[in-house]
Amino acid sequence: MTDNKKSNNKKPKFSPYWIYAGIIAIFLVVNILGGSSFNETNPTTPSQFMSYLRDGDIEKVEIVNRREAKVYLTKEAEQKDIHKKSKPTTFLPTASQLPNYKFEFGDLQNFEDDMAQIVNSENLDPKPKIEYKTEQNLWGDFLIGLLPFILLIGVWIFIMRRMSGGGGGGAGGQIFNIGKSKAKLFDQNTEVKTSFKDVAGLEGAKEEVQEIVDFLKNPEKYTSLGGKIPKGALLVGPPGTGKTLLAKAVAGEAKVPFFSLSGSDFVEMFVGVGASRVRDLFKQAKEKSPAIIFIDEIDAIGRARGKNAMSGSNDERENTLNQLLTEMDGFGTNTNVIVLAATNRADILDKALMRAGRFDRQIFVDLPDVRERKEIFEVHLRPLKKSKNLDIDFLSKQTPGFSGADIANVCNEAALIAARQGKKEVDKQDFLDAVDRIVGGLEKKNKIITPDEKKAVAYHEAGHATVSWMLEHAAPLVKVTIVPRGRSLGAAWYLPEERLIVRPEQMLDEMCAALGGRAAEKVIFNKISTGALSDLEKVTKQARAMVTIYGLSNKVGNLTYYDSSGQSEYGFTKPYSEKTAELIDKEISDIIEEQYQRAVNLLEANKDKLTQLAEVLLEKEVIFKDNLEKIFGERLFKTNEVIAKQIDVVKDEEE
Ligand code: ADP
């Protein structure tokens, strides 16, 4: 915790145990003063008492609270053998005489009558005295009187302890701590095992964050020339690319206090809590400066502020954001607090947050390329027992479009698959199975498929393969399978080109290949089926994007209805007229139908080859590029060289 908390600890602290001790002390004192429970009076029974009475042993009977009789013996009687034990014992000196016996008699009237009868018949002289007394149970009354106070004090202590954040951890769960930041603090005392070594690839990003650590460690080096230390850096990139990992490595290497929390930690169901947590976070960080604050998933609070006054529901988030904005630009450059944040949606962040002076730097963390994938594989293969001749190059080529998290997952899956088969080491096939599994889902060997369905699936997949083989821009095929996996019955896998810009003809070719499955069903069986759902979904989305986002349609023109600020997500109104809506719908449908027709025509012309391919597929269940080459001959269109090489690798390995 903070320093001032530590110094508090040195003072003798008020402890609730003092109260318990006090209560026990009061109990003792009352007992001693009351004294009653230290005297033990011998119990007896009414009939015995009557016999003592007949013997003339009784000097006095004290009737207490009309319920109990206390019996005092005469001096002579006390000497008798039977009364030897009746001498009252006491630890304390008392002034008055103590009773020898006590008993409860039941009904007072009967008891008096019985006594009078005995006294008369025995002619006792002197007659035993009868006294009436009312005794109060002081102790019981006192306790009952005290009870409410004890309860009140107990509740008060409970609340005080909660308010002072007693109990250390779990600060957030307590109502009085709700405004406290929930950030986890890593400093010299906490061991963070992640270091920059564990982050593969991402050279540029690593350099940038390393520089930030350096800023904090040697600020003079930078400020001596008049420069200012940046206040924040935003890590932007798709999920699973290692943004959090990078921040963890900073925490491990920076050797300065590192506060880590997620954007959603600011969110609570109470109003004003977010802003107060931001304040608290920065206060703590400033106390410990130089320090780093890391906010993961900052889009939870950093989303652009709405412009219309109608939506009041986002006020709380906006307050939080405003507080963050003021805190980031509110402290002087010499406070040495740097804010790192990560998001995969930089486009929806508020512009004020991104301006220089707040997040001065944006560090892009992109999906890894072949070389980086290899490095990531190396990191994650380290703890595995792998076979000696495992080719990491091959693995990295087999995983285009995989993020760091996916690769970590592949390695883990491969190890699990190998273990399941009782292998001693993880080999190449396990990795390939793991890739298949991650891309396609679990293999369902025992899924019940009728021969007809299987045939339809085979032709469907062969259709994809054939069309993509024939089209210039379609992605080159890696493998086609009709083994059901996850929710799909079959799949054709491609190695997509890693393109930075996409041309309309490339998009159209891809759509045509995607429609190849349904087209094949139509051409061969003259029937279509529901099996093309995911193809249709993909194609429809792509066509809509062409028309409404990228402005690639001639009829709609160079327009886009994309809103990078992310505010239209809540809008119910379309940014175009009904007429344009009709035009857009028409364009989308035209594009798709045209590509479908193109696929049908292609397949009609190559019906025999399509059938051949489907037969091979039905027989082998999995086919690769070379099976296609046998049927179709060399592919006409040379794919770009890198990819061609990758495919060769696949081929070599499979033979
Ligand atoms: P995000 O970008 O979504 O924050 P993470 O940093 O949480 O992604 O990455 C998730 C996991 O993926 C990490 O724990 C790590 O195992 C793996 N990973 C991602 N990128 C890399 C990388 N460059 N090097 C090594 N492992 C990585």
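**View 1. Lysine 243 reaches the ligand.** A polar atom in the side chain of lysine 243 sits 2.8 Å from one of the ligand's oxygen atoms. Keep in mind that this is a predicted model. How much of the ligand's accessible area does the protein cover? On its own the ligand has 560 Å² of accessible area, and the protein covers 81% of that.

**View 2. Here is the shell around the ligand.** In total, 16 residues surround the ligand, and the closest are Ala200, Gly240, Lys243, Thr244 and His380. Sorted by class, the shell holds eight nonpolar, six polar and two charged residues. Which domains does the shell draw on? Domain 2 (172–364) and domain 3 (370–440) each supply at least three residues.

**View 3. A sheet of three strands has the order S13-S12-S14.** This sheet is open, and its pairing is antiparallel. Strand S13 (491–494) and strand S14 (622–624) each have a single partner strand, so one side of each has no neighbour in the sheet. Ignoring direction, neighbouring strands here are turned by 15 degrees against each other on average. Zoom in on strand S12 (residues 477–481) and you'll find three bridges joining it to S14, with the two running antiparallel. Lysine 479 stands opposite phenylalanine 624, which belongs to S14.

**View 4. Strand S8 pairs with strand S6 and with strand S9.** Strand S6 (residues 184–186) and strand S8 (residues 258–262) are joined by three bridges and run antiparallel. Look for lysine 184 here: opposite it stands serine 260 in S8. How do S8 and strand S9 run, parallel or antiparallel? S8 and strand S9 (residues 291–296) run parallel, with five bridges between them. Across this pair, phenylalanine 259 stands opposite isoleucine 293 in S9.

**View 5. Five strands make up an open sheet with mixed pairing.** Read across, the strand order is S1-S4-S3-S2-S5. Which strands sit at the edges? They are strand S1 (42–43) and strand S5 (129–133), and each pairs on one side only. Further in, strand S2 (residues 58–64) and strand S3 (residues 68–73) pair in the antiparallel sense, and six bridges link them. For a landmark in this pair, find glutamate 62, which stands opposite lysine 70 in S3.

Methods: Residues are numbered from 1 along each chain as its sequence is written. This is a predicted model: local features need pLDDT of at least 70, side-chain atom pairs count only at pLDDT 80 or more; totals for chains, interfaces and linings use all residues. Side-chain values use heavy atoms; hydrogens and water are left out. A residue is near a molecule or strand if one of its heavy atoms lies within 4 Å of it. A polar contact is a pair of N or O atoms within 3.5 Å; within protein, one must be able to donate a hydrogen and the other to accept it, and residues adjacent in sequence count only if both atoms are side-chain atoms. Accessible areas come from the Shrake-Rupley method with a 1.4 Å probe; for residues, only the protein chains shown count as cover. Ala, Val, Leu, Ile, Met, Phe, Trp, Tyr, Cys and Pro count as nonpolar, Asp, Glu, Lys and Arg as charged, and the others, Gly among them, as polar. Domain bounds come from an automatic or database domain assignment. Two strands pair if DSSP finds at least two bridges between them. Helices (H or I, at least four residues) and strands (E, at least two) are DSSP runs, numbered from the N terminus. Axes are lines fitted to C-alpha atoms, for helices over the stretch in contact, and angles run from 0 to 180 degrees between N-to-C directions.
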